[in-house]
Each structure stands twice: as structure tokens, then as C-alpha cells.
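Welcome! Take a look at the model first, and then we will walk through it together.

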Amino acid sequence: MDSSSTGYELGPGSLKSTGMSEPKLHQTDQYKGWLNKWTNYLKGYQRRWFVLQNGLLSYYRTQAEMAHTCRGTINLANAFIHTEDSCTFVITNGGTQSFHLRASSEVERQKWVTALELAKAKAIQILESDSDDDENQPDKTELVNTVNALNARFGDLSTCYDLIVKQGAAFQRALNEHEQIDSAADSTSKIKAINERATLFRIASNAMLNACSQYLKLAQNLGKRWQKLLQNEHEQRLKLEEMVEQLAKQQASLEKQARKSLHAVNSPIMENDTVPQSSDEDEFFEAVEHQVEEFSVALPYDKTHRRTGSGVSIDSLDQVLEPQSSSESDGEDNTKEARVVCAKSESSPKRTTSKDGAKCSHRRNASQDKNRQSSISESSIGQRPRVRRKAILERPNYSLNLWSIMKNCIGKELSKIPMPVNFNEPLSMLQRLTEDFEYSECLDQAARCELSAEQMAYVAAFTISSYSTTTNRTSKPFNPLLGETYECDRTDDYGWRALAEQVSHHPPMCAQYTEGRGWRLWQEFTMMSKFRGKYLQIIPMGISHLEFTKTGDHYTWRKVTTTVHNIIVGRLWVDNHGEMDITNHTTGDKCHLKYSAYSYFSRETPRKVTGVVTNSSGKAQWVLTGTWDDKMEGAQVINVDESKGKPVFETGPHRYVWKRRPPPNGSERMYYFTQLALELNEPEENVASTDSRNRPDQRLMEDGRWEEANKVKVMLEDKQRMARRRREAEAEASLSQGREYVGYEPIWFKKETDKITGNLIHMYKGNYWEYKDKQDWSMCPDIYLSSEELAAFKIS
């Protein structure tokens, strides 16, 4: 055995060190040595230097890297260790991290496994000792982890048992073979083999004893923990019973006081009548007798440190996400809240007048909600709305064989692995962005409002409505090719037209510009994605800008985090959560929205959204409540009571500011598309050659020809890579010749400094529709496949 490769050598009697300090496993937490680690299919196993210390296993390329660069670390406290063969073992912590390691021999592997199990046991002991003082009730995750820990210990026992049986049989076999040997030379070699087998058997026996001790200790500790939890649950139940009893008594007292108050108001007070006196315990808010609904809204953060739920700093919009921020708000919740009390009176509250004394009398009437398409913009007077399709081909029921996909990926570079269209829907990301304007009537209504606070309420409703289409949309849109565009002219029915272009490929970025009835909106969309094992987080990074042409009010906001759950196992479902700040940079008004994360253990309404609109001085003007998948209601704040510490907003009656329209019939068989989504990819003449409607793989998928779509998708991606390499070669040639190289520039957008944030953003040049009228698409790049290229692969 080559002891120099591991830094130690194994003897029959003890564990000795060579080339480093003695790794006494029971006196020190540090253990070092060389192991081979699996990297990828191209490089296979690579030799790495591993260090086990304080319950953490870290690795480096060389020993010299220990001073400055750690290549990876895994915490053994919640890790699972199992062996695969005589030299290979795997360490994983539930899917997010996995180390596939290989030792040079079975003895070396067993030494590492033993050291890892000891370190893991010590780390678990530290965690358990810390948790003994924790009086909080366990959640479902803790119970699941407990069961998993017991199962892991039992699995370790089973593994050690199998190992003892195997090593014992080998040891017995070696002894039998030695008894049958006659010559002394053969006897010497057999004795050496017997010593090695004896050593392996002793190591396996020690590991079995250690595993039994750990299992027993874990079971005893968990038994004590569960006894404490049971006692705590019993005490909590008694407290709840006392609380319910007190609430029942208080309710009876309140009902009695209310009857006395009504009797005193309705009947004349005689000389001998006594008026009931109120005590400190009978304390009422002024609006309680009119109260029909109560809820809480999140207030904006302190100006010194304001961040959205996804970790984005609002005061410095040009800053990126903090790596350690989480949109799930797993840590302490320091959000300030206010209580909202809605009055029962059916009459509208007294409305606040604007500076010139005019009252805002705009209301959403029934005709606007029922027949959105009856309102036609001034620019489209005389035009009849185009008859558009009502359905597409139903999604084929193709089974997805993950093994066949993985098998085809062996030996390929990660960037060249094509994802099949089975994961997609027949829309590009540019078209998906256009779906934000499904409920553009919210912006039309906002443009007609005279009061800035009411306008902000409708703008907030529009930002929320863009998430209503994501409820069941678990398929991903096609990634746009560099230079791909999408136009959507809906001035005949919705009253707006939009243009989007993929302006960058690394990192992927889309730019979009939309103009409607009295408003224009532009935005950049780029994102960060984080795969957490069980779910995938999509964190938007771009900023949306909205400007109303009549007043010049300029709004900005960032989108919240979207999480796709059950990526590995189970049915996929989507949740949107975090906090969003909408700012009117003209008047100083702000709207703070809170998207509550869905939880099985929460009593709150699923997909709940609440918000408060404040003016430039921070005074509440409007409150919003509802869900992002159904409807939003808004009410004007008519009184603010801060005498109780926690602000209480008394509002007038609530009214709808947005309500979701029901999906078309059979939408569950058509990718859960809304009516607008069904129309987005409908073939249209006279569009640019780079338009998403002309993308062949997307069109083939919509037509149900998925196998051909997969082939064309690979061809398009190869063509895009060739174009990128050509640009890189041109850049290198220009650099070698001392010439300045101008990289790729978008066709319809250009970079400008944003006057609000001071950042460089892609702004619309304003010339697309003029070129469309002339049908001049000569400047558009060739990004798709020609009919000859498709015919070569027998694709029509």
C-alpha cells in the first residue's frame, strides 16, 4: 500500500501517521489526506486534498491552497454517508450537495468512513446539545429530519453488519486457505493476507460498535426531546383552553354592553335611569360598531435600510442581490404592520380633493369589467377588431424519459446539452413578457384618475395582475435567440402595442417597450436563478418604468421572486412571494406591497397580497388587499389612529381595482394558456423576420411535432454558437490589429443613461413601426433556419 498518497499508513496494532501530524480521531477534529473526487463526465475522478475538521469536510486542489482557496465544503451534521463499492463512497446532505469520492484501497476507504462517522456523530451531539435549550415547538421539517436521522443510523447499522459479514467470511476463507498450504513460502504470503483481513475485520467491528453507540445515544436523546415536547404541548393546550374561556367571557360582556348602548340610544333617559359606566376593560375603537372586516398591511421599511423580500435594495436600485438574502424571509420578520378596519356603511367615504378642488369621480363600472374590448383607442377609430383564434392544438401526452435524456448527455459539455421541448410551452420569453398586459385596463383606468394616490392603487393592481397567469404555468418558455424580436399590435381591442427584443445573450436580457392609451411602459428583464434541490427560485433583476403622458407621473418597480416547487418529485406548483415598492418619482407617492409566501402551516389566505399607498410625507392614503391569482380590492383611508401604538387605518367601503377573468374552456389541455396567451403565437403577416412567430422549433412544438421540434432546436442553438464564435474571432482579430471592436448591438434598442436610476438601460429607438410600414427588414440578422436547411433534414 502506498502510504505517501494518503499521508498515513495502517498497521495491525494502531493508526500511525507519515508525512503529517498524527490524526488521533478521538482527540482531535482534524483529519487530512488525498482522495479522488468525481468532477464531471469529461474529467472523471480528480485527485484532491481533503481536510476533515469541526464537522466540516473541505477539499482543495493542493495542500498549498489551504491558506487561501477552498474548493468546496459539506456539513456532516445533516449528511448521509454510504459506500458504493470497495473503494467508493458518497457523502450527500439531501440533494443540494454530493461528494462522490474514491480511495486507493478498501482499507483506506474504511478509515475515511470511520473518521467521517465519528466527526458526524460529534457534530450531531453539538447540535443536539444546542437544541436542548430550545423551547420552540418543532415544525414538520424537524420531525422529518429526526426520522431521517434515525433511518440514517439504522442504515449505518445495516451497512456495518453487511461489512462485518463480508469481512468475517473473507477472514475465515483466508484461514481455511492457510490450513491447506504445505510450503513455507506460500505460508508467509498467506499470513500477510490473513493479517490484512484481520485488520479489515477489526475496523469493521469498531465501526459497528461505534454505529450502535451512536444509534443508542441518538435514540435516547430524541426520547428525552420528545418527552419535553409532549409536556410543552400539554401546557400549551391548557393555556389555549384558558384563553378560549376568557374570550368567551369577553364576548358575552361585549354583547351585554352593546345591548345596553343600543337601549340607551333608542329609549329616552328618564330621571331614575342609570347610564352604564365604562371601565378600562371595556375599551372600543371608534369604528367598531361599523366594522365588517379587519386585516393587516405591511408598512414600508425605514429609509435607512429598505429591501424587498428578494433582497434588493430599493434606495439603491443599481445594486444587485445580496448573496445571503432570501426571498422567503426565513430569518426574523421586522416588518412593521398596521391594522385596517373597513366600515360597514354602503355610502362612499368623503373623498379628498386635489389641489384645484376637483374631486376624482372615476369608478370601474360593470361595462368596463364585462366588455373590455368595446373600448377602442382614438388611434384605432374606424378599425374593426381582428378575429383571432380561440384555441390551439392540445398538448400531446408524451412521456418524459429522464434516463434517456441523461444518457444522451454523457461525455458532452454542459453548455452543449440541449433541453428537450418537453419542458417548454410554445411561447418565447418575449411573448411571456407581453402577457403582463393581459389586464392593461388597469393602466387605462389609472391614466384617467386625477388623484395620484388612486392612480397608484391602479398601478399596483396592474403589477399584481401580471402574476395571475402563473398559477398553473409550470412549463418554461423558449429562451430567445440573440436578436430575436416580438411585436404585438393590439390597438384594435386592448389599445396598446408592444415590441420586445433579446438584446443580450450573456447574460440573457430582454428589452420591451409598450405604448397604450395615455401611458407608455418600458422594462429590462434579466434574472438570477437559484436551484435549492426541491425548488427553483427565479429572482428578477430588471426595473420596470411607467409614465403617464398627461401628467408626466413616472413610476418604477421591481418584480418579486417566483419559486417553482417540487422540481424533483411531486406535482409542480408556482408561488410568488416577497415585497415590492412602487415609487412615483414625480409626486413622491409610494406603494408597499407584500406577497405572502404560501405555507401549509399558515392560517393566512394562500397567495395573499396586501399593500398601503402613502404620500410624500408618509401618510397612508389607500390600502389594498386580495390575492395575486384572483382579485384585488382597494379602499381609501379616511382616518388614522396611532394612539394604540400600532396604527389603525379606518377605510371606506372596498371596491375592486382588478379581477381575474376566467380561463378559456379546455385551457388545462392547452398549457393553461389564457385567451391572450392563445393569441400571442398566432401566425401573422408582415412581421419582422426575427419575430418569435417565425421561430421554427417553437412553431413545430405548437403543431404537436415534438420530435422534429427537438431536432430544429438543436440546429438553432448550434447556429447561435457559431455566430458567437465568429464574433469572438472578430474581436480577437481587431485586438491583435489594434483596432476597436464594436460588439453586438441591438437593432431596435440602444443603451442610454436612465434619468431616474442613473444606470445604463436599453431604450427604444422609436423606429420599428416606421420600418414595418415600409416592410424594410434588411437590418435584421439571420438567426433562424432557411427552408433549404429545414428541407435537408426532411422538415417542412
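Let us begin with a group: R386, E682, E684, D691 and R693 are joined in a network of salt bridges. Keep in mind that you are looking at a predicted model. Across the structure there are 35 salt bridges. Why can such pairs form? Side chains of opposite charge can pair when their charged atoms come close.

**A bridge between two strands**

- R497 and E515 form a salt bridge through their side chains, with an N to O distance of 2.7 Å.
- This pair links distant parts of the chain, since R497 sits in strand β15 (residues 496–505) and E515 in strand β16 (residues 508–515), 18 residues apart.
- R497 has a relative accessible area of 27%, so this residue is partly exposed.
- E515 has a relative accessible area of 25%, and therefore counts as partly exposed.

- Which residue forms a salt bridge with R724? The partner is E728, and the closest N and O atoms of the two are 3.3 Å apart.
- Both R724 and E728 belong to helix α11 (residues 706–737), where they are four residues apart, or about one turn of the helix.
- R724 is partly exposed because its relative accessible area is 29%, a value between the 20% limit for buried and the 50% limit for exposed.
- E728 is also in the partly exposed class, with a relative accessible area of 39%.

**The pair R705 and E708**

- The side chains of R705 and E708 come together in a salt bridge, at 2.6 Å from N to O.
- Is R705 buried or partly exposed? With a relative accessible area of 28%, R705 is partly exposed.

- Now let us move to another part of the model: N210 is found in helix α3, which covers residues 184–266.
- N210 has a relative accessibility of 19%, so this residue counts as buried, as the cut-off for that class is under 20%.
- What does N210 touch, once its neighbours within four places in sequence are left aside? N210 is in contact with E117 and L118.

Notes:
Residues numbered from 1 in each chain as written. Predicted model: local features only at pLDDT ≥ 70, side-chain atom pairs only at ≥ 80, totals over all residues. Heavy atoms only, no water. Salt bridge = Lys/Arg side-chain N within 4 Å of Asp/Glu carboxyl O. Buried < 20%, exposed > 50% of the residue type's maximum accessible area, 1.4 Å probe, protein only. Contact = heavy atoms within 4.5 Å.
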